[in-house]
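Dear colleague,

Please find below the structure that I am handing over to you. My notes on helix packing, aromatic pairs and individual residues follow it.

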Amino acid sequence: MLLLVLFLACIFGAIGAGFLASASDFKGMTIPNSYSVIIIASFALCYTLMWVFGRDDIFGPLLAHLISALFIFILTASLFTLKIMGGGDSKLASAYAFWLSLPGLIPFLFYTTLAGGVLGIIALGLKKWKPVKNAQTSS
């Protein structure tokens with residue numbers, strides 16, 4: 001039971017850091033590195049706890065997680081170089097990729113792309129529809 005509580009605490013820590021990162025990105029178009037560090041640290045703690053308590057069947061081999069994160073980092077860093085993706089987004093995606101093993105990469109890329117496409121369509125719709133008028137400036 002204690003192991004389950006610790007496992008869920010690590011997962012909710014990573015999810016909470018993602019919510020904080022999205023709020024920071026929404027407010028100021030920046031994602032602090034500390035959120036990526038929290039996500040990676042929560043994975044490291046969770047992986048270590050599962051290994052120590054003999055539940056190494058929960059995660060794949062550590063090398064598979066490292067390769068997964070490296071692949072996502074190379075992909076998103078390339079998108080950053082092409083000015084398609086932000087640097088904070090790249091680091092955040094790489095941090096979350098630590099939680100995946102190699103079989104989880106394709107669903108991760110699919111759902112991330114799908115969510116980004118939906119957000120892009122909403123942004124284009126809001127730009128065209130303009131539900132909020134420009135604020136009046138006082139001179």
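**Packing of α3 and α4**

Helices α3 and α4 are roughly antiparallel to each other, a term for angles over 145 degrees, where under 35 would be roughly parallel, 65 to 115 roughly perpendicular and the rest oblique. The model is a predicted one, in which local features need pLDDT of at least 70 and side-chain atom pairs count only at pLDDT 80 or more, while totals for chains, interfaces and linings use all residues. Residues are numbered from 1 along each chain as its sequence is written, and side-chain values use heavy atoms, with hydrogens and water left out. Helices are DSSP runs of H or I with at least four residues, numbered from the N terminus.

The angle between α3 (residues 62-81) and α4 is about 165 degrees, and their axes are 8 Å apart. Axes here are lines fitted to C-alpha atoms, for helices over the stretch in contact, and angles run from 0 to 180 degrees between N-to-C directions. The crossing of α3 past α4 is right-handed, meaning that the near helix is turned clockwise from the far one by less than a right angle. On the α3 side, the contact (heavy atoms within 4.5 Å) is made by H65, S68, A69, I72, F73, T76, A77 and F80, and on the α4 side by G87, S90, A93, S94 and A97. These residues comprise seven nonpolar, six polar and no charged. In this division, Ala, Val, Leu, Ile, Met, Phe, Trp, Tyr, Cys and Pro count as nonpolar, Asp, Glu, Lys and Arg as charged, and the others, Gly among them, as polar.

**Packing of α1 and α4**

Helices α1 and α4 cross at roughly 170 degrees, and their axes come within 12 Å. This makes α1 roughly antiparallel to α4. From α1 the contact takes in A14, I15, A17, G18, A21 and D25, and from α4 it takes in D89, L92 and Y96. By class, the residues of this contact are six nonpolar, one polar and two charged.

**Aromatic pairs**

Eight aromatic pairs are found in a search of the whole structure; rings of Phe, Tyr and Trp (its six-membered ring) pair if their centres lie within 6.5 Å, with planes under 30 degrees apart counted as stacked, over 60 as edge-to-face and the rest as tilted. The pair of F7 and F59 is tilted, because the ring centres are 6.4 Å apart and the planes are at 50 degrees. F7 belongs to helix α1 (residues 2-28) and F59 to the loop between α2 (33-52) and α3, so the pair ties together parts that are 52 residues apart in sequence.

F43 and F98 also form a tilted pair, at 6.0 Å centre to centre and 35 degrees between the planes. Since F43 lies in helix α2 and F98 in the loop between α4 and α5, this pair ties together parts that are 55 residues apart in sequence. Ring pairs link F7, F43, Y47, F59, F98 and W99 into a cluster.

F59 is buried at 12% relative accessible area, where buried means under 20%, exposed over 50% and partly exposed in between (1.4 Å probe, protein chains only). F43 is buried at 4%, and F98 counts as buried at 18%.

**Loop residues**

S101, in the loop between α4 (87-97) and α5 (105-129), counts as buried at 17% relative accessibility. Not counting residues up to four places away in sequence, S101 touches G60, A64, H65 and S68.

M29 lies in the loop between α1 and α2 and is exposed at 69%. Although M29 is not a glycine, its phi is positive, at about 60 degrees.

Yours sincerely

Technical notes:
Helices (H or I, at least four residues) and strands (E, at least two) are DSSP runs, numbered from the N terminus.
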